[in-house]
Amino acid sequence: MKLYTENEHVILASSSKTRIGYLKKYFRKAIAVKHKVDEMEIKKKNKDLSFKDLVKLLAKRKAQSIIEDYPDSIIIGSDQLLVCDGKLFNKSKNIFEARSNLIKLRGKKHTLISSTYAIKNQKLYFEETKEAKIFFKNVSRIRIEEYLMEKKKDVLVSVGSYRIEDNKKYNFLRILKGDHETIIGFPLKNLKNKFMEDTK
């Protein structure tokens, strides 16, 4: 079901193919625009924040970063953090960091915190933050190497160095709590429902 007519524009402040693909299921005129935020700098300057408040801030800053370029559009910012053993994991810069992340996650539970922040008419329209709990099975090093070899590019764009979409084949994750939209880092269902209510 498409929520918006041809004269409505929805801008996703992200270059994530997964998120724009998910967004386009609901919005006819949705495009992705790279945000202007230095995520690592924000993380460094806000170490005093809780992980939940930090991910909310990142989603907000992303949406706000392109508001001057698209003042008449609906802008959506989103972000996701992964926390394991009380420590924050960041996206891997290279395959070596991705390997290290996956090895650290083996045999442990971790939390994914995902946040969505939407601006309409240059004001806050919607905000939501959700959590998922994941158990990364104690898979072999060989299995991890096979995954890294096949998904060289994909592992560098995910906070956990893995994609939930690959679990059907590799079976290295067990979902303990949380829905698909939280796990992919883009709470959208309730935002979609709000738009539908407002356009009736």
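The largest pocket holds about 1000 Å³ of space, and of the 34 residues that line this pocket, Lys91, Leu156, Val157, Ser158 and Val159 are the closest to its centre. On a 1 Å grid over the protein atoms alone, a pocket is an open set of points with protein on both sides within 12 Å along at least five of seven lines, a cavity is a set of points where a 1.4 Å probe fits but cannot get out, and lining residues have an atom within 4 Å of a point. Points are joined across faces, edges and corners, and a volume is the space filled by probe spheres set on them. The model is predicted, with local features needing pLDDT of at least 70 and side-chain atom pairs counting only at pLDDT 80 or more, while totals for chains, interfaces and linings use all residues. Residues are numbered from 1 along each chain as its sequence is written, and side-chain values use heavy atoms, with hydrogens and water left out.

The lining of the largest pocket takes at least two residues from each of α1 (17–23), α2 (39–45) and β3 (74–84), where helices (H or I, at least four residues) and strands (E, at least two) are DSSP runs numbered from the N terminus. By class, this lining has nine nonpolar, 10 polar and 15 charged residues, with Ala, Val, Leu, Ile, Met, Phe, Trp, Tyr, Cys and Pro counted as nonpolar, Asp, Glu, Lys and Arg as charged, and the others, Gly among them, as polar.

The second largest pocket, of about 250 Å³, is lined by 13 residues, and Leu88, Phe89, Asn90, Asn101 and Lys104 lie nearest its centre. Helix α4 gives the most to this lining, with four residues.

Helix α4 (residues 95–105) also packs on α5, their axes coming within 11 Å and crossing at roughly 140°; axes are lines fitted to C-alpha atoms, for helices over the stretch in contact, and angles run from 0 to 180 degrees between N-to-C directions. The two helices α4 and α5 are therefore oblique to each other, since angles under 35 degrees count as roughly parallel, over 145 as roughly antiparallel, 65 to 115 as roughly perpendicular and the rest as oblique. In this contact (heavy atoms within 4.5 Å), Ile95, Ala98, Arg99, Leu102 and Ile103 of α4 meet Arg141, Ile144, Glu145, Tyr147 and Leu148 of α5.

The largest cavity, with a volume of about 30 Å³, is lined by Leu102, Phe136, Val139, Arg143, Ile144, Tyr147 and Phe172. Helix α5 (residues 141–150) gives the most to this lining, with three residues.
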